[in-house]
Amino acid sequence: MRSLLVVHNHPSAAERLESVASRQQLPEAVMRAAGYTVATARGEEQARQRIAEADALILDLPIPQIEAWSRSVLEWKVVPILWWCSEATATLSVEACEDGVMADGVLSASMLQTEIHWTLQFGAKQCFERQQWHLERRQLLAKIEERKWIDMAKGILCEVKNITETEAYDILRKQAMNERKRLVDVATSIVNVYNLLQEQKQGRSKR
């Protein structure tokens, strides 16, 4: 991890240096001194353009802006996201960071270079573990959705053909094999056709 992108969304660097104590350093200066290549972005458009080359993202933003920015960034690229803690960004109470803060670590100008390096390494590990969790969650939800369609199709076949659930499942499985389709696709087709026929039946009965 060598290339970083720092996002600012408040007064320019020059303005900030005039408004805070001279000992406070900007994140890009601190990270460059630690041996990293650093690009900066002001606003979403620049960040989207420059994120491709970054190994990690540093958000030099107030706490309430972190969640929205993190969600946007992860739509563009999966990267570790770290928050830059300074007098300019840490102006809110502790309650502001209790919920919805999507960050893989915290950096500040007071950290030693070794602390910066390890924070970035642990941040990367945290990021990709989180992505793996999200992937497994999506896969689980997809399986639950597939099971719902299969169970509905089995129920329809049991009702229409007066057979057991085991027999209904065997019919679904054989049809999927014969048509070279996924089991859930066959089940979905059966449910949709059945619902359509029921709607047509109800329409005729109202006439």
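Q: How many bridges join strand 1 to strand 3, and do these strands run parallel or antiparallel?

A: Good place to start! In this predicted model, strand 1 (residues 3-8) and strand 3 (residues 56-60) are joined by five bridges and run parallel. To see one of these bridges, find leucine 5: its bridge partner in strand 3 is leucine 57.

Q: What is the strand order in the sheet?

A: To read a sheet, walk across it from one side to the other and note each strand number. Here the walk gives 2-1-3-4-5, an open sheet of five strands with parallel pairing. Strand 2 (37-42) and strand 5 (105-107) are the edge strands; each has a single partner strand, so one of its sides has no neighbour in the sheet. On average, neighbouring strands of this sheet are turned by 30° against each other, ignoring direction.

Q: Which residues line the largest pocket, and what is its volume?

A: For a pocket, ask about its volume, then about its lining. The largest pocket has a volume of about 180 Å³. Its lining consists of Arg71, Leu74, Glu75, Val78, Met102, Arg130, Gln131, His134 and Arg138. By class, three of these residues are nonpolar, two polar and four charged.

Q: Which helix gives the largest share of that lining?

A: Helix 5 does, with four residues. Both helix 4 (66-76) and helix 5 (113-161) supply at least two residues each.

Q: How is a pair of aromatic rings described, and how many aromatic pairs does a search of the whole structure find?

A: Such a pair is described by how far apart the ring centres are and by the angle between the planes. In this structure, the search finds one aromatic pair.

Q: Which ring does the charged end of arginine 2 sit over?

A: Look for tyrosine 36: the charged end of arginine 2 sits over its ring, 4.7 Å from the ring's centre.

Notes:
Residues are numbered from 1 along each chain as its sequence is written. This is a predicted model: local features need pLDDT of at least 70, side-chain atom pairs count only at pLDDT 80 or more; totals for chains, interfaces and linings use all residues. Side-chain values use heavy atoms; hydrogens and water are left out. On a 1 Å grid over the protein atoms alone, a cavity is a set of points where a 1.4 Å probe fits but cannot get out, and a pocket is an open set with protein on both sides within 12 Å along at least five of seven lines; lining residues have an atom within 4 Å of a point. Grid points are joined across faces, edges and corners, and a volume is the space filled by probe spheres set on the points. Ala, Val, Leu, Ile, Met, Phe, Trp, Tyr, Cys and Pro count as nonpolar, Asp, Glu, Lys and Arg as charged, and the others, Gly among them, as polar. Rings of Phe, Tyr and Trp (its six-membered ring) pair if their centres lie within 6.5 Å; planes under 30 degrees apart count as stacked, over 60 as edge-to-face and the rest as tilted. A charge sits over a ring if NZ of Lys or CZ of Arg is within 6 Å of the ring centre and within 35 degrees of the ring normal. Two strands pair if DSSP finds at least two bridges between them. Axes are lines fitted to C-alpha atoms, for helices over the stretch in contact, and angles run from 0 to 180 degrees between N-to-C directions.
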